[in-house]
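This report goes through one protein model in short sections. Please look over the sequence and structure first.

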Amino acid sequence: MAKYQAVKGTRDVLPEEQPYWRHIEAHMYRICTLYGYERIDTPIFEQTQLFERGVGASTDIVEKEMYTFEDRGHDSLTLRPEFTAGVIRAYLQNGLHTRPKPVRLFSVGPIFRYERPQAGRLRQHTQFNVEALGEQDPAVDVEVMSIAWQLYADLGFRGLRFQLNSTGCPRCRPGYLKVLRHYYEAHLQEICPDCRRRLERSPLRVLDCKVESCQPIIAKAPPLLEHLCPDCASHFAQLRHYLDALGRPYALNHRLVRGLDYYTKTVFEVWVQGIGAQNAMCGGGRYDGLIEQLGGPPTPGIGFGSGIERIILSMKEQGLTVPSLPRPQVFVAYQGEKARLTALRTIFALREGGVATTFAPGDRSLKAQLREANRLGVAFVVILGEEEVAREVASLKDMTTGAQHEVALSRLAEHVRSKLPAA
């Protein structure tokens with residue numbers, strides 16, 4: 001038993017699971033390149049006020065879930081609980097707002113939230129994040145949504161469907177919130193304490209409550225879509241028109257509001273059938289007022305985040321396989337003290353020649369070394385004994401056929417490369 005354990009809500013990604021990570025990352029990079037999105041990396045921690053102002057002081061994230069600390073300079077800093085606020089800060093600070101619009105960006109990295117650990121959602125988890133800044137056209141909404149869609153489709157998921165809603169804008173939302181509060185006044189004794197608190201501070205979020213006793217009240221709540229202003233209604237209608245034209249199935253979900261205060265107009269999730277109770281693979285939406293709120297000029301934006309651990313869990317539930325990572329192709333075995341130095345030179349010469357090579361250090365017998373080579377599944381074993389070293393040759397064994405022949409050490413790397421499949 002190890003003396004120290006991973007902190008609750010964190011986990012180690014062992015070598016056995018790395019093929020999933022590399023496979024998903026390769027798809028993310030390929031798709032973002034196809035769509036013209038460039039990578040941006042922001043610091044893991046930011047000034048606490050950035051998240052309080054950007055995410056919303058009354059959200060569960062800010063009130064309950066942020067990892068906040070005071071550094072030695074007495075500044076309040078927070079490990080990022082989400083990407084968007086930090087990306088906007090970098091967008092403004094580094095002059096990205098001067099680029100042609102929309103500015104298309106993506107990020108990959110850890111985020112931190114102190115919440116109850118659950119399958120696919122840890123206190124430190126890794127997120128794929130996409131942002132498009134500077135354009136209100138619903139076509140950009142569809143583009144961002146389609147990056148998520150194509151990622152899951154290319155990974156092998158089937159039964160994809162968007163969940164779609166509009167949260168309105170500062171012009172039409174206040175009127176809806178009055179209607180929502182009026183509806184909930186008749187149910188104050190039936191809803192959970194958190195919803196009673198949300199009703200005062202962030203009423204839209206009562207629609208996102210997961211408490212069982214609140215579900216019947218949410219189901220009968222007035223839909224926000226019936227209270228949109230003409231601009232929001234037009235934007236939403238055009239978005240649906242584009243989705244219909246592309247053949248992307250979606251369902252209107254009036255309770256979809258997301259958990260962050262900065263969302264306006266479009267909010268969406270991508271759901272996958274058959275992955276259990278938590279069938280949302282990602283979530284995102286528009287935040288047309290956020291950049292102005294953080295000190296920039298009025299600038300629309302839209303984005304989404306998707307947890308990689310969640311994707312991997314769902315792939316395993318669906319039985320979706322991934323290619324194995326490249327492994328050593330050649331094993332160098334040696335026998336006798338005089339062959340040891342030549343073996344070491346041969347190992348590094350093969351590696352420098354582009355051949356993935358490994359060996360068993362120490363004083364294992366030749367038989368034990370060959371067993372190790374067989375366990376690793378290498379294609380070839382180079383065998384060096386004192387006699388081979390004296391003649392400046394190596395014995396090369398094909399582990400598939402069992403055939404064995406001698407090769408001059410001076411041309412070993414070239415010869416082995418010719419026998420291996422092209423990369």
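## Tyrosine 334

The model is a predicted one. Apart from residues up to four places away in sequence, tyrosine 334 touches Ala339, Arg340, Ala343, Ala360, Gly362, Gln369 and Leu384. With one of these, arginine 340, tyrosine 334 makes a side-chain polar contact of 3.3 Å.

Tyrosine 334 lies in strand β12, which covers residues 330-335. Tyrosine 334 counts as buried because its relative accessibility is 8%, and the cut-off for buried is under 20%. Valine 389 is 55 residues away from tyrosine 334 along the chain, yet their C-alpha atoms are separated by 10.0 Å.

## The sheet

Eight strands form an open sheet with mixed pairing, in the order β1-β5-β6-β11-β10-β9-β7-β8. Its edges are β1 (38-39) and β8 (250-252), each of which pairs on one side only. Within the sheet, β7 (residues 160-166) runs antiparallel to β9 (residues 264-272), and the two are paired over 7 bridges. Arginine 161 has tryptophan 271, in β9, as its bridge partner.

## Helices on the sheet

Helix α1, residues 18-35, packs on the sheet and touches β1, β5 (103-112) and β6 (124-133). The direction of α1 makes about 160° with that of β5.

Helix α11, residues 308-318, also packs on the sheet. Its contacts are with β5, β6, β10 (280-286) and β11 (301-307), and its direction makes about 55° with that of β11.

Nonpolar side chains tend to be buried together in soluble globular proteins. Here the largest nonpolar core has 44 residues, and Phe128, Tyr152 and Phe157 touch the most other members. Helix α5 (residues 138-155) gives the most to this core, with 10 residues. A second, separate core holds 24 residues, among them Tyr176, Cys195, Cys209 and Val257.

What does phenylalanine 128 contact beyond its neighbours within four places in sequence? The partners are Met28, Cys32, Phe106, Ser107, Val108, Ile147, Leu151, Phe304, Gly305, Ser306 and Ile308.

## Threonine 321

Threonine 321 sits in the loop between α11 and β12. Is this residue, threonine 321, buried or exposed? Threonine 321 counts as exposed because its relative accessibility is 69%, and the cut-off for exposed is over 50%. Proline 19 is 302 residues from threonine 321 in sequence, while the C-alpha atoms of the two are 9.5 Å apart in space.

Definitions and conventions
Residues are numbered from 1 along each chain as its sequence is written. This is a predicted model: local features need pLDDT of at least 70, side-chain atom pairs count only at pLDDT 80 or more; totals for chains, interfaces and linings use all residues. Side-chain values use heavy atoms; hydrogens and water are left out. Two strands pair if DSSP finds at least two bridges between them. Helices (H or I, at least four residues) and strands (E, at least two) are DSSP runs, numbered from the N terminus. Contact means heavy atoms within 4.5 Å. Axes are lines fitted to C-alpha atoms, for helices over the stretch in contact, and angles run from 0 to 180 degrees between N-to-C directions. Buried means under 20% relative accessible area, exposed over 50%, partly exposed in between (1.4 Å probe, protein chains only). A polar contact is a pair of N or O atoms within 3.5 Å; within protein, one must be able to donate a hydrogen and the other to accept it, and residues adjacent in sequence count only if both atoms are side-chain atoms. A nonpolar core is a set of buried Ala, Val, Leu, Ile, Met, Phe, Trp, Tyr and Cys residues joined through side-chain atoms within 4.5 Å.
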